[in-house]
Amino acid sequence: MAIAYRAGNTGGNSSGTDVTVTKPTGTVDGDILVAVTYREAGTWTLPSGWAWIGSEQVNNTANAWVGIAWKRASSEGASYVFQLSASTWRSIAVAAYSGCLASGTPYETSFAANSGSLNTVSAATITTTVANTMC
């Protein structure tokens, strides 16, 4: 089975602290949930069951951070609360994917810290070496 986007939802996109994101429509046990987080200050605390893939400063003035986290769906509630330690501009998008690897880490690679230099990376194509994993 190929990986397929199921649905997504967003939260935040304003100033404040915690962000609540509604579970994507149609999410079933075993789906992989991916959250993309943005903040301009503070530190995120992920909801139970979520794990960071990585987080990166995206500007040279240290006031914009983007992170990616994931979770394998299992008896999901109606929403997820991402806690932020400071009141600031913040936004989160959560997407559900079906057809992913059924156990273990569902991604094959992730980004690494850029040590303060800002670079844009693009790829015409990406091919995974493990079936049903994401890059």
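**Rings, sheet and contacts**

Me: Is tyrosine 5 buried or exposed?
Reply: Tyrosine 5 is exposed, with a relative accessible area of 53%. Buried means under 20% relative accessible area, exposed over 50%, and partly exposed in between, with a 1.4 Å probe and protein chains only. The model is predicted: local features need pLDDT of at least 70 and side-chain atom pairs pLDDT 80 or more, while totals for chains, interfaces and linings use all residues. Residues are numbered from 1 along each chain as its sequence is written, and side-chain values use heavy atoms, without hydrogens and water.

Me: And how exposed is tyrosine 97?
Reply: Tyrosine 97 is partly exposed, at 23% relative accessible area.

Me: How many aromatic pairs are there?
Reply: The count is 3 aromatic pairs. Rings of Phe, Tyr and Trp (its six-membered ring) pair if their centres lie within 6.5 Å; planes under 30 degrees apart are stacked, over 60 edge-to-face, and the rest tilted. Tyrosine 5 and tyrosine 97 form an edge-to-face pair, at 5.8 Å centre to centre with 70° between the planes.

Me: Where in the chain do tyrosine 5 and tyrosine 97 sit?
Reply: Tyrosine 5 is in strand E1 (residues 4-16) and tyrosine 97 in strand E8 (residues 88-98), so this pair links distant parts of the chain, 92 residues apart. Strands (E, at least two residues), like helices (H or I, at least four), are DSSP runs numbered from the N terminus.

Me: Why is the pair of tryptophan 50 and tyrosine 80 called edge-to-face?
Reply: Because the ring centres of tryptophan 50 and tyrosine 80 are 5.4 Å apart and their planes stand at 80°. Tryptophan 50 lies in the loop between strand E4 (44-45) and strand E5 (51-57), and tyrosine 80 in strand E7 (residues 79-84), so the pair ties together parts 30 residues apart in sequence. Both tryptophan 50 and tyrosine 80 are buried. Ring pairs join Trp50, Tyr80 and Phe82 in a cluster.

Me: Changing topic: what is the strand order in the open sheet?
Reply: The open sheet has 5 strands in the order E1-E8-E3-E6-E5, with antiparallel pairing. Two strands pair if DSSP finds at least two bridges between them.

Me: Which strands stand at the edges?
Reply: E1 and E5 do; each has a single partner strand, so one side of each has no neighbour in the sheet. From one strand to the next, the twist averages 15°. Axes here are lines fitted to C-alpha atoms, for helices over the stretch in contact, and angles run from 0 to 180 degrees between N-to-C directions.

Me: How many bridges do E5 and E6 share?
Reply: E5 and strand E6 (residues 65-72) pair in the antiparallel sense over 6 bridges. Glycine 54 has isoleucine 68 in E6 as its bridge partner.

Me: What does alanine 95 touch?
Reply: Leaving out residues up to four places away in sequence, alanine 95 touches Tyr5, Ala7, Gly8, Pro24, Ile32, Leu33 and Val34. Contact means heavy atoms within 4.5 Å. Alanine 95 lies in strand E8 and counts as buried at 14% relative accessibility.
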